[in-house]
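Okay, thanks everyone for coming.

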Amino acid sequence: MASDPSTSPDDPSSGSRSPDFSATDQSEASGAGAPLRAPGSAPRDARSPSRPYPSAMSQDHGGRVSGFEIAGLDLTAERRAAIATAYRDVETALAVLRRLDLTDVPPMIIFDPMLPYRPGGKS
Amino acid sequence: MSGIPRARTIEALAPVLRAGHLSPVDLLEDCLDRVAQFDGRLAAFVALADHARDDARAAERELRAGHWRGPLHGIPIALKDNYLTHDLPTTAGAPGIGIAFPRIDSYAARRLRQAGAILVGKTRTHQFAWGTTTPPTRNPWAPDRVPGGSSGGSAAAVAAGMCVAALGSDTGGSIRIPASLCGVVGLKATFGRISRAGVIPHSWSLDHAGPLTRCVADAATLLLALVGYDPADPGSVDRPVANWTLALDQPIRGLRIGVCRNHFFDSNQSGVEQAVEAAIRDLAAAGAVITDFRLPLLDFGLGAIFAIELASSAAYHDRSLRDGIVAHFEPDVRTLVEMGRLVSGADYLKAEQYRHRLARDFADIFQKVDVVVGPTTPLTAWPVDTPSVAIAGAMESVLAASWRLTYPYNLTGMPALSVPCGFDAAGMPIGLQIAGRPFDEMAVLRVAHAYERDHDWSDAEPALTAA
């Protein structure tokens, strides 16, 4: 599936209201664009999103810093290859998540300035 | 051993222990005999408590003197090897690699001791609570199959009767998955209900502590023993505690049960699908009102759980990454921890935004239903060292499939329980997952107990053979 992340054709926030008690198929509810398959349910080729920027674990050293170096991982080429292979499914799933427009949704993180003052609390 | 009820449950054992018809010492010895007979093959335990016999004798003296501490008094319970204990080493599945954990009691261990439970030993975890296979532990229903994970040792120990109950931890399904695969009950209460103080962290905002038991009533009993506000856990919440045992034996007529028809039913093994559909029909026959719905947002969840779990684990293991200790981790766990460094901050926060949206969607769902039911896992216990199996006609990675139906409730922090609901053609247990609105464990337990009461799946026992 080669979709442009910027258009988010499968973003339920841009389509019908969710959740849906009418048991309508999501591909119908989301309107235009290719139907989104559940992550992990399709062949890898079918799920691979387009990548407008280099992969996070790019091993290209032609003047650029690789994702491993950015991440502070000093690894052998063998380890890099193993992690790059394993990370492919994660990247695919993250690309699906990035299609959602959640601009107006605050993250589910609570900053608590009083935590160190709670009995037993640790800063 | 005479005097031990056939149903080796807290519910059955507590009255006979209290009445003096059974000694805690005899009950413990029976459990230890089973460990000696079967654990050579099952490898569920990593350590047994030397002083458990002393504790059992002390419980016996107290009970004889009429000092009954409650239903856990004299009950042998095991702890997953990521719960700190003052009297047993904790390794989190990583012994001898240069990481030492404190010899202090976790909150849960302390509460269980106060309740008079006999802490019989530590059960095997998939290293650092990652993973769903828990090597080398085997499934009591078929020793050539995995027990699930990461609390696989706890599930196998309970299923094999080597302890009466056990505690596990659940970050993406690690209580419910092995409970489903081993045919026992596994409960992940609402995030914040049970303190994680003294449980080795895996992913702070996803981790839950909870029980694995032989029946729903026992899960309610252990929940009651473990809940309570604990300032030592920043995620602990100060909420009223209900007597969840009151949920038991309540009719479910008129209760509204939701069935999420996407995601949870996209791709399941046929045996799982049939058993769960039969369970839904049975719940309807018992008077529950069944409502189907779809939640399209679930299709975006895998990236969210990956981002949070991987990044959190990498942050927790930062010292090991820096010092090179990760080179001594199990290969699969090392890769996961190292991958966590690659998750960007933007993706992590997007995942936290996603959680908010998903929780809001579930809140909308719970305007119309009281609980949501579906399969716990899309597959049953798979053969050891098998990377992929056929699910709904397609080969799929067992690791990817095994947590697909459980992690949504870690993202939302909702209470969720797995209760046995049948067996597949190979005789492997199947789990029915029941989830509720936050802090409504009562509804979850009520439906689970009503289902369990009308079926005899929990009475089935694996045919164990000594090593």
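Let me start with a question: does B:Glu396 count as buried or exposed? At 9% relative accessibility, B:Glu396 counts as buried. By buried I mean under 20% relative accessible area, with exposed being over 50% and partly exposed in between, using a 1.4 Å probe and protein chains only.

Before I go on, the housekeeping. This is a predicted model, so local features need pLDDT of at least 70 and side-chain atom pairs count only at pLDDT 80 or more, while totals for chains, interfaces and linings use all residues. Residues are numbered from 1 along each chain as its sequence is written, chains are lettered from A and ligands numbered from 1 in the order in which they are written, and side-chain values use heavy atoms, with hydrogens and water left out.

For a salt bridge, we want a side-chain nitrogen of Lys or Arg within 4 Å of a carboxyl oxygen of Asp or Glu. B:Arg404 is buried as well, at 7% relative accessibility.

Here's another pair: B:Asp105 and B:Arg113 meet through their side chains in a salt bridge at 2.7 Å, N to O. Both B:Asp105 and B:Arg113 are buried.

Now compare B:Arg53 with B:Glu29, a salt bridge at 2.5 Å, N to O. Helices here are DSSP runs of H or I, at least four residues, and strands are runs of E, at least two, numbered from the N terminus. B:Arg53 counts as partly exposed at 39% relative accessibility, and B:Glu29 is partly exposed too, at 22%.

There's also a network of salt bridges linking A:Arg79, B:Arg334 and B:Glu338. Over all chains, the structure holds 24 salt bridges.

Let's zoom out. Chain B has 15 helices and 13 strands. Its radius of gyration is 21 Å, close to the 23 Å that the globule rule gives for 467 residues, so chain B is as compact as a globular protein of that length. That radius is taken over C-alpha atoms, and the rule is 2.2 Å times the number of residues to the power 0.38. The C-alpha trace spans about 60 × 60 × 45 Å along its principal axes, and 65% of the 467 residues count as buried.

Most residues other than glycine have a negative phi, and most peptide bonds are trans. So where do we find something else? A cis peptide bond joins B:Pro135 and B:Pro136, with omega about 0°, and B:Pro136 lies in the loop between strand E3 (118–123) and helix H5 (152–159). The bond from B:Gly149 to B:Ser150 is cis too, with omega near 10°, and B:Ser150 is also found in the loop between E3 and H5.

For positive phi, look at B:Ala43, near 55°, in the loop between H2 and strand E1 (45–48). B:Ala43 is buried, at 14% relative accessible area. Then there's B:His263, with phi about 65°, in the loop between strand E7 (256–260) and helix H8 (270–285). B:His263 is buried at 3%.

That's my tour, thanks.
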